[in-house]
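Work through the exercises below with the model open beside you, and try each task before you read its solution.

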Amino acid sequence: MTETTGTLPRPSRKAIGIEQDGPVLHVRLNPWEQDDVLGIAVLDDLLLLLDDLHERPDIRILTLSSLGTDFCLGADRNEYQEALAADPTGVGLRRIADKAHRLCQALENTHAVTIARLHGRVVGAGLALASFCDLRAGADTCRFRMPEVGIGLPPAWGGAMGRLVSEAGAARIRELMLTCDVFDADTAHRLGLLHKTAPLDRLDEVIGAWTRPLVRRSPEALVLTKRMLAGYARADRTADVSLLDSHLLTAHINQQRGPDPTTTR
């Protein structure tokens, strides 16, 4: 595999790694193996990439993985606090949260079949992001958690609650969100959050078993089928209020900080 030079935009802040192998695009979080979090730079680079894919019908499959110790430990809460400190009105924080929502919608709507390759811990926003991929495979050592309620936040990243409920069912997602329990790969597989599990050293074989036949399918049939499936899934979310998630998150974090001294009398 070789990194693309010119046919796809290089990440604006090099927050993601990109390699193209024919019709398959491999996107990797945390190329420098630093913090396994979804910061603003990662959101920006993923949005840039997915926007460019509209002009790249030759890209048929997108795999999403991470080079870090874990797939993802969630959103960067330090950036939330910094955004509120810089602008106590919450506008900056809402912009970050809106980017997360736009990213998840772009991932769901892209013409490419998206495959999440998960390992290590998959927490909060990391699970939300993966849930918007069409197919998800995880190492049998994966550990998952939805910690938001436990740290005093609403589960409002990316508008993922509706997606998770439609993928795994309201009863189990309700339990996992309210208890914040850690669950393993076998549980994720039973819930439908993972389609396949495998030992970590065989995870690429699972991904390959998907990509090889997919690249032989009719591109038009794949795109139409993907969009039909998305339409039926959205039918289960007729009361989707995910566009409000950024406002809910901002209001809650702002409330935790207490009143803004510049606005009190």
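Predicted model: local features only at pLDDT ≥ 70, side-chain atom pairs only at ≥ 80, totals over all residues.

**Exercise 1.** Describe the protein chain as a whole, from its elements to its surface.

Solution. Begin with the secondary structure, where the protein chain has 10 helices and 9 strands. Next, consider burial: of the 265 residues in the chain, 50% are buried. Then turn to the contacts between residues at least 6 apart in sequence, of which 74% join residues at least 24 apart. Finally, the chain exposes about 12900 Å², and carbon and sulfur atoms supply 53% of that area.

**Exercise 2.** Find which residues touch the most other members of the largest nonpolar core, and follow the contacts of tryptophan 157.

Solution. The largest nonpolar core has 69 residues, and those touching the most other members are Leu62, Leu118, Phe144 and Trp157. Setting aside neighbours within four places in sequence, Trp157 is in contact with residues including Leu38, Leu43, Ala75, Tyr80, Leu103, Cys104 and Leu129. In soluble globular proteins, nonpolar side chains tend to be buried together.

**Exercise 3.** Check whether the length of helix α8 agrees with its number of residues, and list its buried residues.

Solution. Helix α8 covers residues 203-214, which is 12 residues. The expected span is 1.5 Å times one less than the number of residues, so α8 should span 16 Å. The end C-alpha atoms of α8 are 17 Å apart, which agrees with the expectation. As for burial, the buried residues of α8 are Leu203, Val206, Ile207, Gly208, Trp210, Thr211, Pro213 and Leu214.

Key. Residues numbered from 1 in each chain as written. Heavy atoms only, no water. Core = buried A, V, L, I, M, F, W, Y, C linked by side-chain atoms within 4.5 Å. Buried < 20%, exposed > 50% of the residue type's maximum accessible area, 1.4 Å probe, protein only. Contact = heavy atoms within 4.5 Å. Helix = DSSP H or I, 4+ residues; strand = E, 2+ residues; numbered from the N terminus. Areas by Shrake-Rupley, 256 points an atom, 1.4 Å probe, with all protein chains shown as cover.
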